[in-house]
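Biologist: Could you take me through this model, beginning with the overall picture and then turning to particular helices?

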Amino acid sequence: TMALVEAGAHEAAMVALASPGAAERHDLCDQCLWLLGNIAGDGDVALRDALFAAGVMEALGLLFMQMPAFSWSVQERAQVLRTLTWLMGSLCRGIPAPALADVECCFDYFAQVLMGSDDAQMLHEALWGLCYLMEGASNEEDCSARAERILSIDFGEGEARDPAEPHPLLSQVVCFARRAAQDLRSPLRVPALRLLGLLVATTVPEVTDAAVASGAVQAFRLVLRDAKASDAVRRDAAWALSNIAAGTKDQAVAVLSDAAASDALFAVVEQGASHAVRRESAWAVVALATQLGFEAQGAVALDARRVLALATAMLRDDRGEAALQRALLDAAELVLRHGDGVARAQGLKANPMVRLGEEVGLLDELEELLRGSEPGLQRKAQLLTTRFGAGPENRLPDKGGSFGSKTPQNAAWGTPSAISGGSPTRRVAYRFGA
């Protein structure tokens, strides 16, 4: 490939695309685009960058603008557009990623494809193209800027959009994800979900708000509940839901308010899904408990009993990750403190959540942590055992509540991460089955 580039094959292809003969030879254009696409996707980013240096984006833009006037049949035009879309996606790939200035126009092109085409291959390439653009961000700020760039794409409506209203492009992406859920052979499911996951992983609340308003929670929920989906896809659906739950309070309420979504997060732990899926679901539930507590949020409330059972089960199953164990202990503390309030409000002699903790085995797990965990977890386990262990000294506390007024600390969302406070950052290729 390098020998072809050194001989000027890429420049010759661009000249052919701009020649008068292109209007009559769709096959010539298609072959030239294939040549450029193979160079761009060779794996050596120096070859890709040589295309940018030779003006490939200008050549492709000219071809795209001239195509409506060409005397090609519908089938011929569709074939060239498929190859063009594949080439554009290949130009957006690579490590290091291309400079944003070189691929800026691709945002608009991929959006046009998603909004205006029903060709499965083009849609597949366009969805991956937007994923590559998002994954090419050099840092968190750049990632957020790229997400906002997607939201800013104008489809000719001429008016500023209400952030609470569904975003046209994101609604279309959600539609692809949900439609693909009904057809397991569809190639659109993974890139559609991956793009939505990348968007809710940013730290810009408006981006996640737009995704939620466009139906992202429902899309992730369908995948999480789908026992036929791969573990990798279900794992990352749960991870995306944890991103949303760990965002703003309204975003957490959106997850809780979708009864099927919140139920699915519990069900995958209770019904023995794979460890990876259970782990990410546990992070999402912990985020909901931390954000919302157990008071009613409109017509819904998080089930404290179910949270305590989940926290206990995951403490038993996941002894290898200190951050998750600490988060689970914090969630358990929130439930037990909630039980203090219930006992006080109902005039009970004892905290009902302590009794539940005994039934589900929480005290056993605390004792296990006391014997063999890191010092920070041992201290937390000792604190919970001392305050909420079995015995009369752990009945309803004196006025003022348990543990004074200290708010439980959660190391997992003490610092920003790629998922805005959920499980620790993973490499991009770990998302949605990659």
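**Overall picture and helix packing**

Modeller: Among contacts in the chain between residues at least 6 apart in sequence, 69% join residues at least 24 apart. Please bear in mind that this is a predicted model.

Biologist: How many helices and strands does the chain have?

Modeller: The chain contains 22 helices and 0 strands.

Biologist: And what percentage of the residues count as buried?

Modeller: Of the 434 residues in the chain, 51% count as buried.

Biologist: Let us turn to helix packing. At what angle do H11 and H13 cross?

Modeller: The axes of helix H11 (residues 189–200) and helix H13 (residues 216–224) cross at roughly 125 degrees and come within 11 Å. That makes H11 oblique to H13. The crossing of H11 with H13 is left-handed.

Biologist: Which residues meet there, in H11 and in H13?

Modeller: From H11 they are Arg189, Leu193, Leu196, Gly197 and Val200, and they meet Ala219, Phe220, Leu222 and Val223 of H13. The residues of this contact between H11 and H13 comprise 7 nonpolar, 1 polar and 1 charged.

Biologist: What about H11 and H14: at what angle do their axes cross?

Modeller: The axes of H11 and helix H14 (residues 231–245) cross at roughly 25 degrees, coming within 9 Å. H11 and H14 are therefore roughly parallel to each other, as angles under 35 degrees count as roughly parallel. The crossing of H11 and H14 is left-handed.

Biologist: Which residues of H11 and H14 meet?

Modeller: Val190, Leu193, Gly197 and Val200 of H11 meet Val233, Ala240, Asn243 and Ile244 of H14. By class, the contact of H11 with H14 has 6 nonpolar, 2 polar and no charged residues. Leu193, Gly197 and Val200 of H11 meet residues of H13 and also residues of H14.

Biologist: Which residues of H15 are buried?

Modeller: In helix H15 (residues 249–257), the buried residues are Gln251, Ala252, Val253, Val255 and Leu256.

Biologist: What do the buried residues of H15 pack against?

Modeller: Their partners are helix H12 (205–213), H13, H14, helix H16 (259–270) and helix H17 (275–292).

Biologist: Moving to another pair, how do the axes of H7 and H9 cross?

Modeller: Helix H7 (residues 100–116) and helix H9 (residues 140–152) have axes that come within 10 Å and cross at roughly 35 degrees. Leu100, Glu104, Phe107 and Asp108 of H7 make the contact with Asp142, Arg146, Arg149 and Ile150 of H9. The residues of the contact of H7 with H9 divide into 3 nonpolar, no polar and 5 charged.

Biologist: A change of topic: how many disulfides are there?

Modeller: The count comes to 0 disulfides.

Biologist: How accessible are cysteine 105 and cysteine 175?

Modeller: Cysteine 105 is partly exposed, its relative accessible area being 37%. Cysteine 175 is partly exposed, with a value of 32%.

Biologist: Finally, where is threonine 312 found, and is this residue buried or exposed?

Modeller: Threonine 312 lies in helix H18 (residues 304–317). The residue counts as buried because its relative accessibility is 1%, and the cut-off for buried is under 20%.

Biologist: What does threonine 312 touch?

Modeller: Not counting residues up to four places away in sequence, threonine 312 touches Val360, Gly361, Leu362 and Glu365.

Terms used: Residues numbered from 1 in each chain as written. Predicted model: local features only at pLDDT ≥ 70, side-chain atom pairs only at ≥ 80, totals over all residues. Heavy atoms only, no water. Axes fitted to C-alpha atoms, helices over the stretch in contact; angles between N-to-C directions. Helix = DSSP H or I, 4+ residues; strand = E, 2+ residues; numbered from the N terminus. Parallel < 35°, antiparallel > 145°, perpendicular 65-115°, else oblique. Left-handed = near helix turned anticlockwise from the far one by under 90°. Contact = heavy atoms within 4.5 Å. Nonpolar A, V, L, I, M, F, W, Y, C, P; charged D, E, K, R; others polar. Disulfide = S-S within 2.5 Å. Buried < 20%, exposed > 50% of the residue type's maximum accessible area, 1.4 Å probe, protein only.
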